[in-house]
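Welcome to this short tour. Please keep your viewer open and your selection tool ready, and we will go from stop to stop together.

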Amino acid sequence: MTAAAVDTVVARMRRRGLACVVIGASAGGVEALVKLLPSLGDGRAFPVLVIVHLPPEEPNLLPDILGYHCRWPVREACQGETVAAGTVYIAPPGYHLYLERDHSFSFGLEAPVHFSRPSISVLIDSAAWVYRAELLAVLLTGANEDGADAMKAVQESGGFTVVQEPASADSPQMPQAALKLLEPDLVLELDEIARLLALLTSGDA
Amino acid sequence: MSSSDIVDIELELVLEAIYRRYHYDFRRYSRGSLRRRLQQAAERYELRSLSALQERLLHDPSFFGALLQYMTVPTTEFFRDPSYFLALRKQVIPILRTYPSLKVWVAGCSTGEEVYSLAMLFHEENLLSKTIFYATDINPESLEKARRGIYPLESIRRARDNYRLAGGRGSLTDYVTVAYNASSFKPELLRQAVFSDHSLATDQVFAEVHFVSCRNVLIYFDHELQNRALGLFHDSLVRQGFLGLGPKETLQFSSFKSAFETVNAPERIFRKVSV
């Protein structure tokens, strides 16, 4: 996709004003996020919610690993905590993560969705319900089909959707599953998604 | 008005209908998870909207019984989070041992796995015969399963590792009688437990207890209902009684932050401050 296409969509996002960005990833996701999160700049108008499929381990090291590569604070989401702009929240392993109307987190131990708990579909669908047109949902590399149906829900509620170009993904199945269900606003390689995030958080926005 | 605004209205009306018709109060439950589960139920019963679901539940009590299975989340297993049980053994049991008799409240006991896990732990610590477990839940089907104490043999087998990690000193199969691929807990465990219907949203304190274990229940409540539940636990506990919560549950955002002191932070074990 051309740089001009990215710039056009970014202009639309800025006009509307994003309230939240949610990023879902599975196999190969940690490596992808390590490349993506350094691009977050000084314009801290929204929170970034990150969900990666990982086996439940205590303590969860992902916030530290990703925090090392990111200027924004990176923390595991807490039950009942209100989401704050300029912070990256990581979904805790073992629980589904939901957003409430008052922009606080809630957790659930419902059965796995797409064989996953936390499920990317559950979080993105819940973010779409709360943020509607002011949401940007990004689906990255993964070896299953989690998240695809929720990307469709984001589009139906007027939000923005970006899917990683499957050929450039470590595991192409997850982005491919999304592309079967919807035509997203942008299909981008990882470095282009990084540039998109940099533009959205450039500080002069 | 968008379709998601309409779903919000329908969701509130469904919860109000359930409360007025059946006196189950889900109005202060977290909406994120509840909306998803009710929409799944609507889909499963081929109802085209939550309004259609509301009509059905108002006029068909048996449908409400089925819907309740969607509204409560029965995820549980024997010795779930074994480190919690290990911490109880090391930090709570030695103090509970000093009381002549004990009462334990397992709030939101679901299908009973946690109650029996605690009963086994108390047995191994020689406390079982002087302890009564009050196990409560709002879901009558779950309570019935818990009361029967019969589980697939497979679920006992699966718990072997957790049991060992929890500091278990015997063998899980010592506690059950096996027949036809099902295992039932022995009477000496069953007779120490009282199972009953109790709602943290609408009911009051019913006993003075030494230990409350309420794990992965508060995560489904909003702030106000969490505070109500914690208030019940606080009122129910003896001075310096213990409270155990789920691994992601905290007193930090509640009104009871200073009413309890922390015994074990990662295992979410607290103790009522004596005033």
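In what order do the seven strands of the open sheet in chain A come? Keep in mind as you look that this is a predicted model.

**Stop 1: the sheet of chain A**

Select the strands and read across: the order is β3-β4-β2-β1-β7-β8-β9, and the pairing is parallel. At the edges you will find β3 (74-76) and β9 (186-188) of chain A, each of which pairs on one side only. Neighbouring strands in this sheet are turned by 20° against each other on average, with direction ignored.

Now zoom in on β1(A) and strand β2 of chain A, residues 48-52: they run parallel and are joined by five bridges.

**Stop 2: a helix across the strands**

Next, select helix α6 of chain A, residues 173-181. This helix lies across β1, β7 (135-139), β8 (160-164) and β9 of chain A, and runs at about 135° to β8(A).

**Stop 3: a loop residue**

Move to A:Ala19, which sits in the loop between α1 (3-16) and β1 (20-25) of chain A. Which residues does A:Ala19 contact, once its neighbours within four places in sequence are left aside? Show A:Phe46, A:Pro47, A:Tyr131 and A:Glu134, and you have them.

**Stop 4: where chain A meets chain B**

Bring chain B into view. The contact takes 25 residues from chain A and 25 residues from chain B. Between them the two chains bury about 2,100 Å², 50% of it on carbon and sulfur atoms. On the chain A side, highlight A:Gln79, A:Leu109 and A:Trp129, which lose the most area to chain B and together make up 31% of what that side buries.

For a salt bridge to inspect, select B:Arg35 and A:Asp125, where the closest N and O atoms are 2.9 Å apart.

Finally, colour chain A by element. Those giving two or more residues to the side that touches chain B are β5 (96-99), β6 (105-108) and α4 (120-131) of chain A. Of these, α4(A) provides the largest share, five residues. Switch to colouring by class, and this side of chain A shows 10 nonpolar, six polar and nine charged residues.

Notes: Residues are numbered from 1 along each chain as its sequence is written. Chains are lettered from A and ligands numbered from 1 in the order in which they are written. This is a predicted model: local features need pLDDT of at least 70, side-chain atom pairs count only at pLDDT 80 or more; totals for chains, interfaces and linings use all residues. Side-chain values use heavy atoms; hydrogens and water are left out. Contact means heavy atoms within 4.5 Å. Buried area is the accessible area (1.4 Å probe) that two parts lose on being put together, summed over both. A salt bridge is a side-chain nitrogen of Lys or Arg within 4 Å of a carboxyl oxygen of Asp or Glu. Helices (H or I, at least four residues) and strands (E, at least two) are DSSP runs, numbered from the N terminus. Ala, Val, Leu, Ile, Met, Phe, Trp, Tyr, Cys and Pro count as nonpolar, Asp, Glu, Lys and Arg as charged, and the others, Gly among them, as polar. Two strands pair if DSSP finds at least two bridges between them. Axes are lines fitted to C-alpha atoms, for helices over the stretch in contact, and angles run from 0 to 180 degrees between N-to-C directions.
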